[in-house]
Amino acid sequence: MDHTETRLWLVRHAPVIGALGRIYGQDDLEADCSDEAAFQALAGFLPVSPIWVATQLKRTHQTLAAVHRGRGLDPIPPQIEQDLAEQHFGDWQGLTYAELDASRDGAYHRFWHAPATERPPRGESFADVVARVEKALLRLTLAHAGQDIVVVAHGGSIRAALAAALDIEPERALGFSVDNLSVTRLDHIEGQSFGAAWRVAFVNRRL
């Protein structure tokens with residue numbers, strides 16, 4: 001082969017507990033990992049011996065532990081990548097969507113909470129998330145070239161990864177659906193003759 005393929009399997013964490021209708025961002029909430037059938041299906045779909053990566057937020061660790069249980073294995077400590085964490089919504093975190101709607105006179109993005117360039121008070125914009133996620137993806141592909149990397153991450157950071165891989169405006173990436181426990185795969189391909197490129201294998205695959 002004259003090229004190297006590094007496959008990133010991006011899994012959105014399990015649903016959070018007690019956050020229905022509420023903006024939680026980087027609030028460190030518990031995940032509901034009770035759906036054993038879903039985790040067994042996910043465990044059977046993911047590669048057998050990948051590099052395991054999670055963010056600093058506990059819902060990604062709980063989701064990953066449930067994947068390992070789905071294989072009948074003890075939890076395997078993951079590599080922590082903080083730059084793949086969810087968007088920090090600053091003062092908006094903890095608000096309900098209705099409360100945010102009322103405070104902003106209904107002026108929030110139809111797919112997410114705000115336009116990609118808007119930075120919530122004491123928070124970060126989605127464009128900021130794209131910038132840090134792109135750096136994390138490059139670090140991972142350099143450190144683990146040619147391997148499978150399973151990353152348990154978040155809806156926002158997976159959308160940001162798609163924006164980086166496809167080189168599209170952050171605003172457009174907000175239109176991707178990324179469901180809990182879905183898998184999105186990005187392949188980083190590097191060759192002597194053509195340099196480096198990303199290939200999107202699939203998005204929001206539900207098992």
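Which exposed residues does the face of helix 1 turned away from its buried side carry?

## Basis of the model

This is a predicted model, in which local features need pLDDT of at least 70 and side-chain atom pairs count only at pLDDT 80 or more, while totals for chains, interfaces and linings use all residues. Residues are numbered from 1 along each chain as its sequence is written, and side-chain values use heavy atoms, with hydrogens and water left out.

Helices (H or I, at least four residues) and strands (E, at least two) are DSSP runs, numbered from the N terminus. Buried denotes under 20% relative accessible area, exposed over 50%, and partly exposed the range in between, with a 1.4 Å probe and protein chains only. Helix 1 spans residues 36–45, and its buried residues are Phe39, Leu42 and Ala43. They cover an arc of only 100° around the axis, which puts them on the same side of helix 1; the arc is that of the directions from the helix axis to the C-beta atoms. The face turned away from this buried side carries the exposed residues Ala37 and Gly44.

An α-helix has 3.6 residues a turn, so residues three or four places apart point the same way. The buried residues of helix 1 pack against strand 1 (3–12), helix 2 (58–70) and strand 5 (183–191), where contact means heavy atoms within 4.5 Å.

Rings of Phe, Tyr and Trp (its six-membered ring) pair if their centres lie within 6.5 Å; planes under 30 degrees apart count as stacked, over 60 as edge-to-face and the rest as tilted. By this rule the count comes to three aromatic pairs. In one of them, the ring centres of Trp9 and Phe45 are 5.7 Å apart and the planes stand at 80°, so the pair is edge-to-face. This pair links distant parts of the chain, with Trp9 in strand 1 and Phe45 in helix 1, 36 residues apart. Trp9 is buried, with a relative accessible area of 9%, whereas Phe45 is partly exposed, at 22%.

Trp9 also forms an edge-to-face pair with Phe202, at 6.2 Å centre to centre and 65° between the planes. Trp9 lies in strand 1 and Phe202 in strand 6 (residues 195–205), so the pair ties together parts that are 193 residues apart in sequence. A charge sits over a ring if NZ of Lys or CZ of Arg is within 6 Å of the ring centre and within 35 degrees of the ring normal. The charged end of Arg185 sits over the ring of Trp9, 5.0 Å from its centre, and that of Arg205 over the ring of Phe202, 5.3 Å from its centre.

## The nonpolar cores

A nonpolar core is a set of buried Ala, Val, Leu, Ile, Met, Phe, Trp, Tyr and Cys residues joined through side-chain atoms within 4.5 Å. The largest has 33 residues, of which Leu10, Leu84, Phe126, Val133, Leu140, Ile149 and Val151 touch the most other members. Helix 4 gives the most to this core, with seven residues.

## Helix 5

Eleven of the twelve residues of helix 5 are buried, so it is largely enclosed by the rest of the structure. Its buried residues pack against elements including strand 1, helix 4 and strand 4. Just after helix 5, Asp167 takes a positive phi of about 55°.
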